[in-house]
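Please read this report alongside the sequence and the coordinates. It goes through selected sites, strands and helices in turn.

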Amino acid sequence: MALHELSQTFSNARAVDAPRTVALSLKSDATRAPSQASGALVETRQLLTVLGGTGLAALGLLAILCFGSTPVEPEVVAFCIGAAALSLVSCLWMCRRSLDRAEAARMAIACHAQGVVAAGALGLRWNLVTGDLAWSGDTSRVFTAGEAQPASFRDFRHWLHPDDFLYASISQALKTSQKRVNWPVRIKDAETGWRTFQLKGEISSSPQGAPAFEGLLVPADASESPQGLEGFPSLPDIVESLPISIAIWNRENRLVLCNRKFRQLYRVSAAAALPGTSYEAIKAQTQEAIAQRPPEGRGVVGRFQLQERQLGDGTWLQIGEYWTGEGTLVSFGTDITMQKQTQHRVLEREQQMRARVDGFEQSRRQLEIQARQLRELAESYNEEKIRAEAANQAKSEFLANVSHELRTPLNAIIGFSEMMRDGVLGPIGNPKYESYVKDIHNSGRYLLEMINDILDMSKIEAGRWTLSPEWFTMSDVFQECLSVVSPVAMEGSVELTQSGNTGIPLHGDRRALKQVLINLLSNAIKFTPQGGRVSLRAYRYRGSIRIAIADTGVGIPKHDLGRLGRPFEQVSNQLTKGHKGTGLGLAISRSLIEMHGGKLDIKSRVGEGTTVTCILPVQDEKDIVGREAA
């Protein structure tokens, strides 16, 4: 029975020694009670081993003496029995005391573990060689429920924020022989996205020399957030997310803090810009000159100054520097590249506007000079216009007077030549005089026609030609015109035809339209060679009345069509040199058609002929009666 109780006592002692792992994981919290309890357990186990060995040795000796062949003295037996009993009683007493102390240590460890769990923290042991992780505490409060807790750093990396280079921080701490560490880390959270924790503890070495990290993973939002700001980002998260570049340097020119914008501007990795890194080490990691660098000398405490600097890639920074009382430099860099570019564009536009203003000023002066010249030219033009109008009026009056004066003798010449040609008073003595009389008569009629054309053109230009509109049909005008030009056509062996709708009613000046058609038909016959054809056609087209005179004559070059219809303008070529005229017939015809509200259209091809079309508007009889009544 005593041996069974002894083995049970040893097994209880070994079970009590199991919480030592938890005590080691809580070493960073400076919990002295658990460590003392674990030391006491070690001493008790050693003492129990000595006492138990003594008792067992006494019992073995007693068994040898009792069952051996050699007689044993009663005093020896009594001594062995007493020693064994004393050892067993001492061992039982020590076991009871060890159990009491172990229970007290277990209670202390449980209290500390309960406090850690209540704070939402986790105990962590990290073997830095193998990467194995041992957790203690409720891991479901940190890692998503339903997923296995990370058993190695490779699994734990999946939970870390991409910008938290925890392995690089550990490597830097091992290089610098740093023992106590306190790093902010962000762990993935299904509800808030990322939660910030503080990894606090020590880096120690095992007896075999393998380094390990032992410490706590404490929620930063639960332990460091001010009261009433639960759920808000922590200060490191806020600094990291700011759009301005922040760098803090201590008096030894070592980095205290920098954010993501600083690393982006100067193209340095987060692993190379850990707290405590020297300025020279960071400078060696980047090819970009660091504008937010510590100066050679110490600045004035409490002074805030601004300056602008340009990076190698063209980025402009407005840097604000502030010196604290401990010699720490706080530097803020704001990207003002857009503002600089805007200022540059504004300056360029201002220069362009000044150049434009100067150009406008020169243009204004030039325009003033031109305006003065234009005024002078306008005055000269008005004077010349008045003179030209006076000269034109004088010309018209002169032509009218001369025409009237010429018509009287021409009428006499024509009349007397007709009498002599017809032999009214008897035959002429010499037959040769008959040809002379005929030439005199023809020349007189030609001069009379020319004078009549000049008088008509003068009246039109002076605005003294008045129309006498009336209703008539095309057939009447066509017959009169054809009867006038038929002798000339027969004499030149030119075929004269009529087609179209000659019964179209027309409202206009019959005498003026007759004169137009006679002029156009005469010109067509005149420039059509023998055996040619001249046609007269009337028809309706697109709300207008059209009279077309087409011939198969010599035609007119395209570049000369624009000159036709101008007073005293004639188109001459090898085929028209033998034809005489003043060039007023087509001009009078165009003017008379335009006075009727129409227009004259001429189309021609050299060697094929010419078509002259009189386009007149269609008049409604009701509208005409209404206008006449008004």
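S493 is partly exposed, with a relative accessible area of 41%. Here buried means under 20% relative accessible area, exposed means over 50%, and partly exposed lies in between, using a 1.4 Å probe and protein chains only. S493 sits in the loop between α13 (474-491) and β12 (495-500). Its phi is near 55 degrees, a positive value in a residue other than glycine. Helices (H or I, at least four residues) and strands (E, at least two) are DSSP runs, numbered from the N terminus.

N253 also has a positive phi, of about 60 degrees, although it is not a glycine. The loop between β6 (245-249) and β7 (255-258) holds N253. With a relative accessible area of 27%, N253 counts as partly exposed.

## Model and conventions

This is a predicted model: local features need pLDDT of at least 70, side-chain atom pairs count only at pLDDT 80 or more, and totals for chains, interfaces and linings use all residues. Residues are numbered from 1 along each chain as its sequence is written, and side-chain values use heavy atoms, with hydrogens and water left out.

## The chain overall

The protein chain has 16 helices and 17 strands. Of its 630 residues, 35% are buried. The accessible surface of the chain comes to about 38,000 Å². Carbon and sulfur atoms account for 55% of that surface. Accessible areas come from the Shrake-Rupley method with a 1.4 Å probe; for residues, only the protein chains shown count as cover.

Consider contacts between residues at least 6 apart in sequence. Among these, 56% join residues at least 24 apart. Contact means heavy atoms within 4.5 Å.

## Strands around β1 and β5

Strand β1 (residues 122-127) pairs with two strands, β5 and β2. Two strands pair if DSSP finds at least two bridges between them. Six bridges link β1 to β5 (residues 211-219), and the two run antiparallel. Across this pairing, G123 stands opposite L216, and L124 stands opposite G215.

On β2 (residues 133-136), β1 pairs over four bridges, again in the antiparallel sense. W126 has L133 as its bridge partner there. β1 and β2 form a hairpin with five residues between them. In the turn, G131 has a positive phi of about 85 degrees.

β5 also pairs with β4 (residues 193-205), antiparallel, through nine bridges. Q198 has V218 in β5 as its bridge partner. Is β5 enclosed or open? Eight of its nine residues are buried, so β5 is largely enclosed by the rest of the structure.

Helix α15 (residues 585-595) is largely enclosed by the rest of the structure, because eight of its 11 residues are buried. The buried residues are G585, L586, A587, I588, S589, S591, L592 and I593. Just after α15, G597 takes a positive phi of about 85 degrees.

A512 belongs to helix α14 (residues 510-526). Its relative accessible area is 0%, so A512 is buried. What does A512 contact, leaving aside its neighbours within four places in sequence? The partners are W465, L467, L592 and H596. L592 is one of the buried residues of α15.

## S544 in β15

S544 is in strand β15 (residues 544-551). It is buried, with a relative accessible area of 8%. A polar atom of the S544 side chain lies 2.6 Å from the backbone oxygen of Y541. Apart from neighbours within four places in sequence, S544 is in contact with Y539, I615, L616 and V618.

## A nonpolar surface patch

F416, M419, V424 and L425 form a nonpolar patch on the surface. Together they have about 460 Å² of accessible area. Patches are made of residues with over 30% relative accessible area and no salt bridge; like charges are joined within 9 Å, and nonpolar side chains (Val, Leu, Ile, Met, Phe, Trp, Tyr) within 5 Å. A salt bridge is a side-chain nitrogen of Lys or Arg within 4 Å of a carboxyl oxygen of Asp or Glu.

V424 lies in the loop between α11 (337-422) and α12 (432-462). At 52% relative accessibility, V424 counts as exposed.

Key
A polar contact is a pair of N or O atoms within 3.5 Å; within protein, one must be able to donate a hydrogen and the other to accept it, and residues adjacent in sequence count only if both atoms are side-chain atoms.
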